[in-house]
Amino acid sequence: MDRYNPQEIEKRWQGIWEEEGLFRVEERKDRKKYYLLEMFPYPSGRIHMGHVRNYSIGDVLARFMRMRGYNVLHPMGWDAFGLPAENAAIEHGVHPARWTYENIAYMKEQLRRMGFSYDWSREITTCNEDYYRWGQWFFIKLYEKGLAYRKLSVVNWCERCQTVLANEQVEDGRCWRCGEEVGYRELPQWFFRITAYAEELLEGCERLRGAWPEKVLTMQRNWIGRSEGAEVFFPVEGREVKITVFTTRPDTLYGATFMALSPEHPLVPDLVESPYKRDLPSILESYRKAARAREVEYEKEGFFTGSYAVNPLTGERIPIYVANFVLMEYGTGAIMCVPAHDQRDFEFAKRYGLPLRVVIQPEGGELTPATMEEAYEGDGRVVNSGPFSGLQNREAMKRIIRYMEEKGIGKGAVSYRLRDWGISRQRYWGTPIPIIYCDGCGTVPVPEDQLPVILPKDVEFRPGGSPLTQERGFYETTCPRCGKGARRETDTMDTFVDSSWYFLRYTSPHEEKGPFRKDAVEYWMPVDQYIGGIEHAVLHLLYARFFTKALRDIGLIDVDEPFARLLTQGMVCKEIIRCPEDGYLLPDEVDGDRCRRCGRRVEKGPVEKMSKSKKNIVDPDEMIERYGADTTRLFTLFAAPPERDLEWSDEGIEGAYRFLNRVWRLVMDSLPLIEGVSPFRGGRLDGDLKEIRYRVHLTIKRVTEDVGERFHFNTAISAVMELVNALYQWDKGRDDLSRSVLREAVETVILLLHPFVPHITEELWKRIGNTPPLLEREWPAYDEEALRRERVLVVVQVNGRVRSRIEVPADATEEEVREAALSDEKVKGWIEGKGIRKVVYVPKRLINIVAG
């Protein structure tokens, strides 16, 4: 076969790899481990180009590290529970299990066709009973430790779907699935006490700096939202109750002129007097919607409850309002309002005619309530604040907190934005929560020897809630303590629970006596490199960190952080095409610049994330059929650095295909010259042989550093392309020395390209007479001696006068010589404080810097 035939080559080598079990791995104490993991996919039916890019990045690293001598764990599995499967059951009458497993089978074959080096013997599927039984076991362990609990909570509720929605599933106030307007319900829900780890999670962000993207760490810090301040206890006038307020500005306490409560605050119904009592439910519902619409600008509204609180520092009577801008999940759900020093309070006070009191004066200024057009939120001198007047406000903060603690009317406190993780879902296709409710015994965990609580298979799916609530054979049970009739929990767990520990299961996926073997976890964990989208920056990544710490404290593992390093790859984007009449179009629905259907001129652009709804997707199967998996991989790795968005280009993938054909022809054309000779391994070379060997080892150095240190796959590929071009231009000799240098160069090209394009390189390696597989070959090391170049002395002038002399490589570029000259200590003294107007370079002889 003289012609490059990717389809034939790829199918054959994939069969060989599978037959030989090339990617299977076990713990080996004699080799350093490397655990490489990409976020596992939801089995939606087909992989997309985002998957291809993500998994190609991971496969490069897995193959590279294995060739460098590491014992590499590179597993794959399926995040298999979730709503889409239930939707399919309702809409098409297909059971979620059948829909899921059929999708897994298809997607697994797609991944195999891409040549990814997964150890499929470790495959896990979260909807399998042998997986989710251990999720239930973890739930019980967390419950026993006080980290899982049940309470009433206000939740997003879709009446048509009869289910709770996460905030992410509410789009413009409507259910993402059916479009129904979302309301709110107070329901008993199960929670994981992630707030118990708020401080440790925050501290961990600092330890992960440099290993995780700073953007991800910033998002996690903001989500945790640590605030230092004070809790202040405001007595309610005429009642034996106090309202606790958290504030970051205790220095403004004397300026509080009213108080505002969240519409969800538990005291609201008791505090509200007429005339709002009758309409309270509808008013609170509208306020809740506004308070939770965080991305939307809304008018700040409220109403006076008719009740008053007492400022504990001043003894002043201040009105209590309910306001739509106060969220129950922030602080305590109650705030003291200081309109002179908080803009939101200022706007509310102006609307409702509430007084302002200035308690901080800026340096060199004098604020008066009557003339203020906005709140002053800065630092300054404290005024109108009793014994604290005259202090700088930062000092006043400390003293006021100390005073409140002495008097028992408040205390210093830390508050977090983070709230406990609500895991209850009113859905079928998820892990059943292993709890039984008994009238006599209360809440009872399912005994461990009765796990797993299995999802019933024979259920009827229809709109209107989980079928588990209708399945008497499931929810009717007996109490494991007293033996009397009891009811099983019908909620299932949030699917993020399943993905919060799957990386641990991969270490020993067939373990039956526990969720994993501790010795396997000790060997493989933490994950050395984790790869996935930044959209998971908060939820999945934060939950996985919490779960890891909780399991550590239970005594199951000795790991603090699950992922040592994190890479968040960019999206795959493509230009959209839109017809004014027919909407989004596929490229083959366009003739030139006109719609084939209606003939109207189409609009092209902008470039957006690939989306089925916008018809700007590219089918990986189609690319494999046309160009092969290697070309598809190469394009996604070459078109952009991993962390940046990749813009799809038909010309780009054509270019990748042409390059692989060039590599193929280079090797096949070189075969007659390199057969029967060994690669050059050292000695004296001159002329073009020395130059070629220099280029070979410079490429090894660049690729090794770009892949191993910087993940700059695009520049690594570019370096190999440059080497291939040089080999094409080289007038190859037929003497033994020339042939051995050529063999070293050809072998190097193949070895360096293998992590990127494994099939073609495996084939070429065999064709030049070497024994596969390449994964068992050692990654090439560059020869320092080969990188030594002749150096020349360059005279450096500043404004025409000789000021220094520098030694540079003979082949240094003008930019490199310029940089060396400007960095020279002698030259720096002559150009300091002067602008560089011009630089004149005479190659290998002189450089003149015109400054001033």
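This section describes selected strands, helices and loop residues of a predicted model.

The antiparallel sheet is considered first. Three strands form an open sheet in the order S11-S10-S18, with antiparallel pairing. Its edges are strand S11 (242-247) and strand S18 (410-416), each of which pairs on one side only. On average, and with direction ignored, neighbouring strands of this sheet are turned by 35 degrees against each other. Strand S10 (residues 226-235) is joined to S11 by six bridges, and the two run antiparallel. Within this pair, phenylalanine 233 is placed opposite threonine 244 of S11. Helix H11 lies across S10 and S18, and its direction makes an angle of about 115 degrees with S18.

The loop between strand S17 (381-382) and helix H11 (393-407) contains leucine 391. Leucine 391 has a relative accessible area of 17% and is therefore buried, the cut-off for this class being under 20%. The contacts of leucine 391, leaving aside residues up to four places away in sequence, are with Gly380, Arg381, Val382, Ala396 and Arg399. One of these, arginine 381, is ten residues from leucine 391 in sequence, and the C-alpha atoms of the two are 5.8 Å apart.

Helix H7 (residues 214-224) also packs against strands of this sheet, namely S10 and S18. The buried residues of H7 are Val216, Leu217, Gln220, Arg221 and Ile224. Viewed down the axis of H7, these residues fall within an arc of 135 degrees, so they line one face of the helix. Besides S10 and S18, the buried residues of H7 pack against helix H6 (198-207), helix H15 (539-554) and strand S27 (566-569). Lys215 and Asn222, which are exposed, are carried on the face of H7 turned away from its buried side. Glycine 225 follows H7 and has a positive phi, near 60 degrees.

Helix H15, one of the elements against which H7 packs, includes tyrosine 543. The relative accessible area of tyrosine 543 is 12%, so this residue is buried. Not counting residues up to four places away in sequence, tyrosine 543 touches Ile194, Trp421, Asp494, Phe496, Ser500 and Val538. Serine 500 is 43 residues from tyrosine 543 along the chain, yet the C-alpha atoms of the two are separated by 6.0 Å.

A further set of strand pairings involves strand S14 (residues 317-323). Six of the seven residues of S14 are buried, so the strand is largely enclosed by the rest of the structure. Strand S12 (residues 258-261) is joined to S14 by three bridges in a parallel arrangement, with leucine 261 opposite valine 322 of S14. Strand S13 (residues 302-310), by contrast, runs antiparallel to S14 and is joined to it by six bridges. In this second pairing, valine 310 has arginine 317 of S14 as its bridge partner. The hairpin of S13 and S14 has six residues between the strands, and glycine 315 in this hairpin takes a positive phi near 75 degrees.

Aspartate 528 provides a second example of a loop residue, being located between helix H14 (518-524) and strand S26 (529-533). With a relative accessibility of 18%, aspartate 528 counts as buried. Its contacts, not counting residues up to four places away in sequence, comprise Lys33, Tyr34, Tyr35, Ala564 and Arg565.

Two helix-helix contacts were also examined. The axes of helix H18 (residues 650-674) and helix H22 (residues 758-767) come within 11 Å and cross at roughly 5 degrees. H18 is therefore roughly parallel to H22. H18 contributes Leu660, Val663, Trp664, Val667, Met668 and Leu671 to this contact, and H22 contributes Ile760, Glu763, Leu764 and Arg767. Classified by residue type, the contact of H18 with H22 comprises eight nonpolar, no polar and two charged residues.

Helix H17 (residues 629-638) and helix H20 (residues 713-729) pack at an angle of about 115 degrees, and their axes are 7 Å apart. On the H17 side the contact is made by Leu634, Leu637 and Phe638, and on the H20 side by Phe713, Asn714, Ile717, Ser718 and Met721. The contact of H17 with H20 has six nonpolar, two polar and no charged residues.

Notes:
Residues numbered from 1 in each chain as written. Predicted model: local features only at pLDDT ≥ 70, side-chain atom pairs only at ≥ 80, totals over all residues. Heavy atoms only, no water. Buried < 20%, exposed > 50% of the residue type's maximum accessible area, 1.4 Å probe, protein only. Helix = DSSP H or I, 4+ residues; strand = E, 2+ residues; numbered from the N terminus. Pairing = 2+ DSSP bridges. Contact = heavy atoms within 4.5 Å. Axes fitted to C-alpha atoms, helices over the stretch in contact; angles between N-to-C directions. Parallel < 35°, antiparallel > 145°, perpendicular 65-115°, else oblique. Nonpolar A, V, L, I, M, F, W, Y, C, P; charged D, E, K, R; others polar. Arc of directions from axis to C-beta.
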